[in-house]
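Let's walk through this structure together, one group of residues at a time. Keep the model open beside you and look up each residue as it comes along.

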Amino acid sequence: MDKKKIIAIAACVVVLGGAGILGFALDKKGDSAKPAEATTVVQPVTDQNGAAVTTPEGATVTEVVSETESTSAESTTESTTAKSTSALVSVSEETTVKTAETTTKKQASKKKTSKKPATTEPQVIYTDIVLKKNGGAECKSPKVSLAANEVIIEEPGNYRITQQTGKDPWHGKIIVRLNGKNNEKAELRFENVNIGYKYSKNIIEIIDTNITNIKRDFIDSESDASADSIKRISKIDKAPNVDLSFPEGTKSTFSSTANSVVGVIYNESKLTIKGHGKAYIKSENVNNCICSTKSITIKNVALYLTTMQTSNTSALAPNTGAAKGIFSYDKVTLESGTLDIKSNGDSIRCDDFFAEGGTATLSSSACDGIDADDAIVINGGTITSKALEKSSFKVRRINNQEKRDSGVPNIAKEDCVRSSSDTFAINGGTVIGESKKITTVQGASKQPSVTCKIVKPSRGTDAAATESKVPAIISIKNLKTSQNKCTKFLYSSSSVVKGKKYTATANEKSAEAKWSGTTAIIDIESVNNR
């Protein structure tokens, strides 16, 4: 079919003595048709769930829509919407345009145009909170209460938090109070804020107001005498939903110098930390970075957590369990983004840890990389865990089961593996562990792993080699080399082939890979002669 010239004509005619606007519709051949009458409709803007969008003050947001009724040919012709008093004609370069006088007669039928659904999501309306000098703040919404060095958010909604203190930090804390029983939700969008307050144990405090029978004295305490209260809160099923978001191109910092059993962020909600920006959370003494009674999900954001780091735990405040990066009484999920933790205590302490993607780089100077009660499951992403004093990966129930099986006394059966959900499974991604101990990867894993460990030389033919405490630089030929001195080195990725033999070297001695039964792990013993 030959290329045709295209005519686009938009016309509006103002009729004197009347309040109507007339538009002319064209059929496929460019024929003129009867004028179409336009109707102007004012209607509320709705979100993707059909709810009306309102301003922070409660007013309904509306939009003006103009629709026309047009006359079309037998082959259905869409009507045009009159929005302008000017006409635009564009002509292609290859054919001529037929005029209206040459049009053929066709029976016309009237058709009302239907409004096309919006192709973009409605714009989110935020309540603005501005942090000012000397611990002050400004917000025009009744949803937010302001006090000296405090911003208290008391209703669900979306809140944008900015700052007017220049490079100086804002001295204060932000408190969110929502009802978990009612499934209340809030988003806190931080745009280049810097918050630090030495007089508070935490910078962000998220409270479930449905829980009224449990005291929260532990929030301002320096001992964990009330740790049972935290556990009781964690056992309540329902909780609010709170998002901490950091937009692309922004950088926000939260820091505290307090000694506390909670964290720079204390949370009683189902918490999601998201966005394409950067967030830095710093505990400059022995506080945790994040303490949560509920689940934590990390999406897209670049999150950097830092605590005081020393191998001397006696230098820390008592009962803090050292200073942890993330301390959750529920699960921690890394969906995407970057998670970088440098801690004295466990980098992550939780019930369950799941990795679906993203990059996690974890380093603990005195405790574990990931210390989970029930499960560590890695399905994707790159997870590197360094814990040269303890375990890079530890699942407590599995560790206890292994100790009980080996005859270690005083380990209760209820603290050991109780179901198939208690597991350390690697099903994808790249996983690296450097430490003194590593929990055994379970048979549920779909991706084989290579584990190299330093052992003492056997004494006599009947004496089995025992693990050495002497660290070494370990390399696994064709795979990976440890960056630190350690006694155990774990490597897992798609480059590891089940059944293939690998050679590991440590302290100038080598050993060949051996498969350890159905667990799909290769244990490589490198003999230490010291």
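A residue is called buried when its relative accessible area is under 20%, exposed when that area is over 50%, and partly exposed in between, using a 1.4 Å probe and protein chains only. What you have here is a predicted model, in which local features need pLDDT of at least 70 and side-chain atom pairs count only at pLDDT 80 or more, while totals for chains, interfaces and linings use all residues. Residues are numbered from 1 along each chain as its sequence is written, and side-chain values use heavy atoms, with hydrogens and water left out.

Let's begin with charges. Side chains of opposite charge can pair when their charged atoms come close. Here a salt bridge is a side-chain nitrogen of Lys or Arg within 4 Å of a carboxyl oxygen of Asp or Glu. How many salt bridges does the structure hold? There are 17.

Helices (H or I, at least four residues) and strands (E, at least two) are DSSP runs, numbered from the N terminus. Are the two partners buried or exposed? R418 has a relative accessible area of 53%, so R418 is exposed, whereas D374, at 10%, counts as buried.

Another salt bridge joins D368 to K394, whose closest N and O atoms are 2.9 Å apart. Because D368 lies in the loop between strand 27 (359–364) and strand 28 (370–378) and K394 in strand 29 (residues 382–395), the pair ties together parts that are 26 residues apart in sequence. D368 is buried, with a relative accessible area of 2%, and K394 counts as buried at 16%. D368 and K394 also belong to a network of salt bridges that links them with R349, D371, D373 and R396.

Look next at E268 and R216, which form a salt bridge with the closest N and O atoms 2.8 Å apart. E268 is in the loop between strand 17 (263–267) and strand 18 (270–274), and R216 in the loop between strand 14 (204–208) and helix 1 (227–234), so the pair ties together parts that are 52 residues apart in sequence. Both E268 and R216 are buried.

Strand 18 also holds T272, which counts as buried because its relative accessibility is 17%. Contact here means heavy atoms within 4.5 Å. Leaving aside neighbours within four places in sequence, T272 is in contact with V242, D243, L244, T297 and K299.

Now for the nonpolar side chains. A nonpolar core is a set of buried Ala, Val, Leu, Ile, Met, Phe, Trp, Tyr and Cys residues joined through side-chain atoms within 4.5 Å. The largest one has 64 residues, of which F190, F254, I326, L339, I348 and F424 touch the most other members. Apart from this core lies another, of 19 residues, among them I454, F489, Y502 and A504.

Two strands pair if DSSP finds at least two bridges between them; strand 36 (residues 503–506) and strand 37 (residues 509–512) pair in the antiparallel sense over 4 bridges. The bridge partner of A504 in strand 37 is A511. The hairpin has 2 residues between its strands, and N507 in the turn has a positive phi of about 55°.

Finally, the aromatic rings. Rings of Phe, Tyr and Trp (its six-membered ring) pair if their centres lie within 6.5 Å; planes under 30 degrees apart count as stacked, over 60 as edge-to-face and the rest as tilted. A search of the whole structure finds 8 aromatic pairs. The F246 and F254 rings are edge-to-face, because their centres are 6.2 Å apart and their planes at 75°. F246 counts as buried at 3% relative accessibility, and F254 does at 0%. Together with F190, F246 and F254 form one aromatic cluster.
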